[in-house]
Amino acid sequence: MRWRHPPVYRPLVDLSTMEKRHIIITYRPDRATILELCAQLEPDLMSAIRQPTGIPPLVQVLSVLHFLASGSFQTTVAMASGMSQPMFSNELSRVLSALLKHMCSYIVFPQVEYLPTVKGDFYALGHMPNIIGAIDGTHVAFVPPLAGMNRCTETQKATIQ
């Protein structure tokens with residue numbers, strides 16, 4: 001009889017040897033923030049590891065951060081992380097669920113009564129009207145739902161009129 005050994009996961013990324021600029025381009029947060037995030041999420045992510053050959057929490061977090069930062073496909077990020085797409089899909093769900101538990105520590109929206117002040121401060125800073133917050137220096141426009149849109153019944157796609 002032949003004994004089957006479970007596959008051993010070998011991480012492809014060593015965060016300690018990566019340049020600071022490369023870390024920020026690939027994952028968005030810096031090394032210290034990533035390590036802090038991993039420490040905070042580790043209890044939730046370790047409970048998902050069933051065997052000693054499971055994917056380490058650092059690799060889970062790095063692969064999900066890379067996916068979110070790049071806007072790439074799961075298959076591409078999974079291959080870069082050294083796992084299959086179904087495995088990455090499972091890890092994505094676990095990490096996002098763990099992140100949601102700690103969301104209020106990282107995402108803060110201004111109170112309604114402070115919105116005019118916040119808008120004024122952003123306008124004074126960059127001459128952009130009606131800005132209420134910033135995410136990683138990325139401009140994200142919020143548009144009311146269904147504004148100028150018509151739903152096609154046959155293809156279920158939204159079209160701009």
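How are helices H3 and H5 oriented to each other? In this predicted model, the axes of H3 (residues 57-70) and H5 (residues 85-101) cross at roughly 90° and come within 9 Å. H3 and H5 are therefore roughly perpendicular to each other, a term for angles of 65 to 115 degrees. Axes here are lines fitted to C-alpha atoms over the stretch in contact, with angles running from 0 to 180 degrees between N-to-C directions. Helices are DSSP runs of H or I with at least four residues, strands are E runs of at least two, and both are numbered from the N terminus.

The contact (heavy atoms within 4.5 Å) involves Gln-60, Val-61, Ser-63, Val-64, Phe-67 and Leu-68 on the H3 side. From H5 come Phe-88, Glu-91, Leu-92, Val-95 and Leu-96. Sorted by class, the contact of H3 with H5 comprises eight nonpolar, two polar and one charged residues.

Phi is near 55° for His-127, a positive value in a residue other than glycine. For Asn-130, another non-glycine residue, phi is positive too, near 60°. His-127 counts as exposed because its relative accessibility is 58%, the cut-off being over 50% relative accessible area with a 1.4 Å probe and protein chains only. Asn-130, at 60%, likewise counts as exposed.

Residues are numbered from 1 along each chain as its sequence is written, and side-chain values use heavy atoms, leaving out hydrogens and water. Local features need pLDDT of at least 70 and side-chain atom pairs count only at pLDDT 80 or more, while totals for chains, interfaces and linings use all residues.

Technical notes. Angles under 35 degrees count as roughly parallel, over 145 as roughly antiparallel, 65 to 115 as roughly perpendicular and the rest as oblique. Ala, Val, Leu, Ile, Met, Phe, Trp, Tyr, Cys and Pro count as nonpolar, Asp, Glu, Lys and Arg as charged, and the others, Gly among them, as polar. Buried means under 20% relative accessible area, exposed over 50%, partly exposed in between (1.4 Å probe, protein chains only).
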